[in-house]
Structures are given as C-alpha cells and as structure tokens.
Amino acid sequence: MINDLNRPPTKAERVIAIIVSAVAAAAFGSVAALVLLSSPVSVPAAAIFSVLFIGSATMFFRAAFTAPRSLSVKETRRLSWLLLIGGVLVAPLALWAGASAQGLMLLGASLSSVAYGLAGLSWRGTDA
C-alpha cells in the first residue's frame, strides 16, 4: 500500500474514486439529515455521519477537480500517523464488543490500520 502512495493515480483509479466518493457523500449526507430530522436526541450520530460526509465530499473534490499527484513524504507521514492513532483508538472498542461479529470486524480494522500506520512510518520515501 505504501508503495502505491508514491505514484500518481491512474485514470481508472480516478474514475473509481470519483464514483465511490460521490456515492458515499450522497449516502452519508442523506443519513446525517435523516438521523437529525428523525430524532433531535441523536445529534451525536448525526455529527458522526456529517464528518463522514465531509470526508467523502473532500475526497470527491480532490479526485474530480484537482490534478492527479502522488502523496508527498510529509503527507504520507500524516496519513500513517492518522492510521496508527485511529487503529489504537478502535482496539478498545473491539475488546469491549467481545467475541461477536462486530468485535471481530472492529479488531480487523484496528489491526489493519495499525499495520499500515507502522509500515508508513517505517517507510523511507523521498520527494523525487
């Protein structure tokens, strides 16, 4: 994965990114609005879906309207730290969920994020 970050995306990857991020932005925006309108008590859930909507909309904008480029070393480091910290923060949720399908899904996502974060931090790329 880390080696894929130091090359610009192909045209097919950009098309896939545009489609997936547009669908995700529409879905997360709709769910955020429906959750907020259905019950004012569920503001935290609406806030989570709003953050996901903002992230998806940002990815759509970057894929659709900016020039294709690879991540710089600094951006790769930031992404690696984000993945590492996110994985460490999700691990207790996996343990709290116990031996269930949800717990195993959270544990898998947590371990993958930690592994990708550590791989990114140990990678010694250059801005060539």
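Reply: Of the 128 residues in the protein chain, 19% count as buried, where buried means under 20% relative accessible area, exposed means over 50%, and partly exposed is in between (1.4 Å probe, protein chains only). A quick note before we zoom in: this is a predicted model, so local features need pLDDT of at least 70, side-chain atom pairs count only at pLDDT 80 or more, and totals for chains, interfaces and linings use all residues. Residues are numbered from 1 along each chain as its sequence is written, and side-chain values use heavy atoms, with hydrogens and water left out.

The protein chain has four helices and zero strands, giving the pattern α-α-α-α along the sequence. Helices (H or I, at least four residues) and strands (E, at least two) are DSSP runs, numbered from the N terminus. The C-alpha trace spans about 50 × 35 × 20 Å along its principal axes.

Now for helix α4, residues 101-122. The expected span here is 1.5 Å times one less than the number of residues. Which residues of α4 are buried? They are G103, S110, S113, G117, G120 and L121. These cover an arc of only 135 degrees around the axis, so they sit on the same side of α4; the arc is that of the directions from the helix axis to the C-beta atoms. Here's the background: an α-helix has 3.6 residues a turn, so residues three or four places apart point the same way. Turned away from that buried side, the other face of α4 carries the exposed residues A101, L104, M105, L111 and S122.

Take S56, which is buried with a relative accessible area of 10%. Leaving aside neighbours within four places in sequence, S56 is in contact (heavy atoms within 4.5 Å) with S21, A24, A25 and F28.
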